[in-house]
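Please read it beside the sequence and the model.

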Amino acid sequence: MKFVQSVKILFASVSAVLASAGLALMIWPDVSASVLCAALGVIFMLCGAVRLAGYCANDLYRLAFQFDLAVGLLLIALGAALIFRAPGAMSSLPLAIGVFVLTDSALRLQTALDAKRFGLRSWPGILIFALCGGALGVLLMIRPFGGRLLVRAMGAALAVGGVENLLMVFFAICVPRRRSSQIIQEEYFVQED
């Protein structure tokens, strides 16, 4: 239970950082390429590590972390490529963010539908943000524009992805409660013939 609660707090924290980084890119699109790659690389690696931990967590519904093994590994690889500036990392950054946001949103779409089946009231919010994130991911993959507008679109995609994950944290991760300390004892008698 403590592990699930710790992962929930960490997941909320890195999701808030991701959303904040997205908002920062939307407000200040003139950030240098090296700073952008390094900052996003660190954020992606942190998000990936938390998602791997989430995959190992045992939350009650098993909705929020069901796909996080693959997503966590993808984020760690993407973060490492950005930090160590793989050749062409900056030029392929919009495509990488687009693929990540589209993939994550598609998985969150499935989670929203599963949440509906579970009867969770939050499923429409998760669904709306998953659809918005998917649309922004496709937009980044197509790249119909460049310059500041492209950086702002990357920021919007990251912000929507962060909010999408925050919704998952607050509405789809259920930490099992401790059972009461009462012990029910049953007595068995063996009847001899």
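Rings of Phe, Tyr and Trp (for Trp, its six-membered ring) are taken as a pair if their centres lie within 6.5 Å; planes under 30 degrees apart are stacked, those over 60 are edge-to-face, and the rest are tilted. By this rule the count comes to one aromatic pair.

The model is predicted, so local features need pLDDT of at least 70 and side-chain atom pairs count only at pLDDT 80 or more, while totals for chains, interfaces and linings use all residues. Residues are numbered from 1 along each chain as its sequence is written, and side-chain values use heavy atoms, with hydrogens and water left out.

**Aromatic pair**

- F44 and F100 form a tilted pair, at 5.9 Å centre to centre and with 50° between the planes.
- F44 lies in helix 2 and F100 in helix 4, so the pair ties together parts that are 56 residues apart in sequence.
- F44 is buried, at 0% relative accessibility, and F100 is buried with a relative accessible area of 5%. Buried means under 20% relative accessible area, exposed means over 50%, and partly exposed lies in between (1.4 Å probe, protein chains only).

**Overall fold**

- The protein has six helices and zero strands, and from the N terminus its elements run α-α-α-α-α-α. Helices (H or I, at least four residues) and strands (E, at least two) are DSSP runs, numbered from the N terminus.
- Of the 193 residues in the protein, 43% are buried.
- Among contacts between residues at least 6 apart in sequence, 82% join residues at least 24 apart; contact means heavy atoms within 4.5 Å.
- The protein exposes about 10,800 Å², of which carbon and sulfur atoms supply 66%. Accessible areas come from the Shrake-Rupley method with a 1.4 Å probe, and for residues only the protein chains shown count as cover.

**Nonpolar cores**

- A nonpolar core is a set of buried Ala, Val, Leu, Ile, Met, Phe, Trp, Tyr and Cys residues joined through side-chain atoms within 4.5 Å.
- The largest such core has 36 residues, and F44, L82 and I97 touch the most other members.
- Two or more residues of this core come from each of helix 1 (2–27), helix 2 (33–56), helix 3 (68–83), helix 4 (93–118), helix 5 (123–142) and helix 6 (147–172). Helix 6 gives the most to this core, with ten residues.
- Another core, of five residues, lies apart from it and includes A112, I126, L127 and L167.
- Neighbours within four places in sequence aside, L82 is in contact with C37, L40, G41, F44, A89 and L93.

**Helix 5 and I126**

- The 20 residues of helix 5 should span 28 Å at 1.5 Å a residue, and its end C-alpha atoms are 29 Å apart, which agrees. The expected span is 1.5 Å times one less than the number of residues.
- I126, L127, A130, G133, G134, L136, G137 and L140 are buried in helix 5.
- I126 is found in helix 5 and is buried, with a relative accessible area of 1%.
- Not counting residues up to four places away in sequence, I126 touches R108, A112, L167 and M168.
- The C-alpha atoms of I126 and E164 are separated by 6.3 Å, although the two are 38 residues apart along the chain.
- Just after helix 5, R143 takes a positive phi of about 55°.

**Cysteines**

- A disulfide is counted for a pair of cysteine sulfur atoms within 2.5 Å, and by this rule the count comes to zero disulfides.
- C37 counts as buried at 3% relative accessibility, whereas C132 is partly exposed, with a relative accessible area of 38%.
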